[in-house]
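Thank you all for making time this morning.

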Amino acid sequence: LYPVYHMVITRRMLVAVVPVVVTVFIFNGQIFSILLPLVGGEYGSYAVTSTGAYGFLLLLALLTVVSFAVGGGSGDGDKSYASMRNILLFSLILQCFAPVQWCAMRMNYYYLLFLPLIVPEIFLKLRERNAQLESIAELAFCLFSLAYFVNTGLHGADALHIFPYLPFWEA
């Protein structure tokens, strides 16, 4: 994570970054099949399956696009925001593998911890540019998150077994 945190990704570099993300998404199964045996151990035996985990991938993609659109890079003195944006981009790339294997989604959990730190920063930067758009984006983010949570709970898409919630001492 340390190299990702200190990378300088400018808007010009997005011309190269966007095709990389799209390529990883398109060839996620093939890339995952190549990487798993390299890891070894019990993970080398995992198979590429279809998980249908696209909702959260969409949310991360939208947040990443908005985070780069509202600006605030390391070039204008906002190193913290630029670093968190790099982690968000890295998390998006990892999430591209979630539709082919649940363990890929679990790998991303380590980086999703930073999501609550960058989301408010994205909305603050959006407010500086357009307060009305920021209000709409906040509402859309909250509604999407709520709908995703309810859909996961009600329609049996609970592969990680979080519904109904049971404390660990009762499980």
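Predicted model: local features only at pLDDT ≥ 70, side-chain atom pairs only at ≥ 80, totals over all residues.

Residues are numbered from 1 along each chain as its sequence is written, and side-chain values use heavy atoms, with hydrogens and water left out.

S67 is buried, with a relative accessible area of 0%; buried means under 20%, exposed means over 50%, and partly exposed lies in between, with a 1.4 Å probe and protein chains only. If residues up to four places away in sequence are not counted, S67 touches Y81, R85, L88 and I122, a contact being heavy atoms within 4.5 Å.

Now the chain as a whole. It has eight helices and zero strands, and of its 171 residues, 35% count as buried. Among contacts with a separation of 6 or more, 70% are accounted for by residues 24 or more positions apart. The accessible surface comes to about 10,600 Å², of which 70% belongs to carbon and sulfur atoms; these areas come from the Shrake-Rupley method with a 1.4 Å probe, and for residues only the protein chains shown count as cover.

Which residues of α3 are buried? They are N28, G29, F32 and L36, and they cover an arc of only 85° around the axis, which puts them on the same side of α3; the arc is that of the directions from the helix axis to the C-beta atoms. As a reminder, an α-helix has 3.6 residues a turn, so residues three or four places apart point the same way. The buried residues of α3 pack against α2 and α6, the latter being residues 102–112, whereas the face turned away from the buried side carries the exposed residues I34, P37 and L38.

Helix α5, residues 79–95, has 17 residues and reaches 24 Å from its first C-alpha to its last, close to the 24 Å expected. It is mostly covered, with 13 of its 17 residues buried.

For α7, the 15 residues reach 21 Å from first C-alpha to last, close to the 21 Å expected. Its buried residues are L115, I118, V119, I122, F123, K125 and L126, and they cover an arc of only 165° around the axis, which puts them on the same side of α7. They pack against α4, α5, α6 and α8, while P116, L117 and E128 are exposed on the face turned away from that buried side.

How many salt bridges does a search of the whole structure find? It finds two, a salt bridge being a side-chain nitrogen of Lys or Arg within 4 Å of a carboxyl oxygen of Asp or Glu. R127 pairs with E134, the closest N and O atoms being 3.1 Å apart; E134 is buried at 4% relative accessible area, and R127 is partly exposed at 42%. R127 also forms a salt bridge with E138, with the closest N and O atoms 3.9 Å apart. This second pair links distant parts of the chain, with R127 in α7 (residues 115–129) and E138 in α8 (residues 131–154), 11 residues apart. Through shared partners, the salt bridges join R127, E134 and E138 into one network.

Finally, the surface. V18, V22, F25, I26, F27 and Y54 make a nonpolar patch of about 550 Å²; patches are made of residues with over 30% relative accessible area and no salt bridge, with like charges joined within 9 Å and nonpolar side chains (Val, Leu, Ile, Met, Phe, Trp, Tyr) within 5 Å.

Terms used. Helix = DSSP H or I, 4+ residues; strand = E, 2+ residues; numbered from the N terminus. Expected span 1.5 Å × (residues − 1).
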